[in-house]
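Me: Could you take a close look at the interface between the two chains and describe it in one connected account?

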Amino acid sequence: MKQWPLVLLGFVAIAAWPLLTDDVFLQRLGALVLLAAISASAWNLIGGYAGQVSIGHSVYFGAGAYASLVLYTQLGWPPIAGAPVGMLVAMALAAVVGTPTFRLRGHYFSMATIAAAELARILVANWKLLGAAVGLMGPPVPRSVVDLSFISPVPYHYLFLAVLVVLLGLTWQMQRSRMGYYLAAIRGGDRAARSLGVPVLRYKLYALLLSAAFTSLAGSLYVVMVGFIDPDSALGILISVKMVIVAALGGSGTLFGPLIGAIILVPLEETTNAVFGGSGTGVTYIVYGAIIVLIARFRPGGVADLWRSITVRMARRAA
Amino acid sequence: MLLEARGIIMAFGAFRAVDGADLDVAEGEIIGLIGPNGAGKSTFFNCLAGDAQPTAGTIRFRGQDVTRATPEAHARLGMARSFQVPVTFEDMTVAQNVMVGAFLRHGHRAAARRVADEVLAFTGLDQLADTPARSLGTPGRKRLEIARALATEPQLLLLDEALAGLTPAEVRLAIALVRRIKARGITIVIVEHIMEVILSLAERAVVFHQGKVIAAGAPRAVVDDPAVVTAYLGHHMKRVRRGGVG
């Protein structure tokens, strides 16, 4: 890995970001980039490494978000304490969704995941305990520091950075282990993988469980920061699509692809939202659509792939 | 017997692609499955590999009933295969492809890499270890599939037209490789329609026609069997041949 110095430099820059500016918009932007990087990196485990393009990851995001707030509204727990519960719920849901859908291939799998996610959204929108269509609110004023309710986005930045580092560390380990090789084989072709003794369904499920747990954690972190959710902001299809686009833009199936994608996409999205205000949601869809078309047409490997081919070309020129 | 297939029937609706075929494979031999296109040999082959489950019949491998076992269970038991159209893992390098096979019996990366390196040297792919699999041509891909299969440390290797589409020079190299694999004590079943390959490699040939085994025995004898000649060339050609024209 000749790229380690570069990676280190990148993380130092990310860590220094909130200290370089006093602008709350920019500080908040940093935290949002990291949050998007966490959920997209979590999605990447199943969607990128294993090549099973789920467009229903909002289910797991919502599991974390709702677990955190329903435990607060019902039992008065601090929202972050709901995170482990959300992760367990998400893994249980992953087992329920994954077991039948993993028998489907390609687009059929993706469509089934959309269906499962929409079903979850509609169920939650009619479920009183979960606030139905109105949603749930977190603690209006922090009761103690454990509520992790801060006015400044800076503490969130470091919390999210820590989680991202742990997740990427785990992913790196996974990538180098038998599991990493098996997932790559599954992405290359089920039939050939099975002929080499790869238990395809089992490994897809492992990847999905890990992916769901971290996506759920991202959901919990989101509500800890934002303090409010409704069915659209926690379970809407845009949540799922965003994970796919962030990962694909940066380079799905690569370690740093989702982070790169988040660094590009989130500022773009936040700026359009700021410029167009409340009427901006429609613009987000247009931006997402345009990005899908551009990636599919010019760089299916994403920015990471573009970077690789540039470095290869430079190395060749130098030689 | 290493492998025993009894009364295998594979029906698609009313059509029987394989219609009551038997096969015995003894340890250490090379068996050729031959037959004209559509004879059912590939379907039969897929049943042996666990890729398709026969409508009726039983398959025993190393004494265990594997008729309904999954392909991954076949691999664990010691059966490996290649595909008619090679399916290499395109995003990975040649060495990484082979490591996927090696991981079956070695949980650690370093051990899997050692096995892969040994297999790459054995199959003559060591020079290409770090090239992406997607940059290989057909002969390279076919060789890589065999290497990957060998990395699972099989007792039985099933080769599905592993030599089809190769130039005569490449065929000679591939034949030499198959001989070296046999010398390692690995039993081989090879599906092929290039007669030359079967004649020079197989110790026994089994001829399929319309889903049935119509002849079995020494390749030379089988090729001259009137039933086999008819199956390949049709009745008309048989007459021509008798007349001494061919």
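Reply: Between chain B and chain A an area of about 2000 Å² is buried, and carbon and sulfur atoms give 60% of that area; buried area here is the accessible area (1.4 Å probe) that two parts lose on being put together, summed over both. The model is a predicted one, in which local features need pLDDT of at least 70 and side-chain atom pairs count only at pLDDT 80 or more, while totals for chains, interfaces and linings use all residues. Residues are numbered from 1 along each chain as its sequence is written, chains are lettered from A and ligands numbered from 1 in the order in which they are written, and side-chain values use heavy atoms, with hydrogens and water left out.

In terms of contact (heavy atoms within 4.5 Å), 24 residues of chain B meet 20 residues of chain A. The rule finds three salt bridges across this interface, a salt bridge being a side-chain nitrogen of Lys or Arg within 4 Å of a carboxyl oxygen of Asp or Glu; the side chains of Arg187(A) and Asp91(B) form a salt bridge with an N to O distance of 3.0 Å.

On the side of chain B that touches chain A, helix H2 (71-77), helix H3 (94-102) and helix H5 (138-151) of chain B each supply at least two residues, and H3(B) gives the most, with four residues. Helices here are DSSP runs (H or I, at least four residues), numbered from the N terminus.
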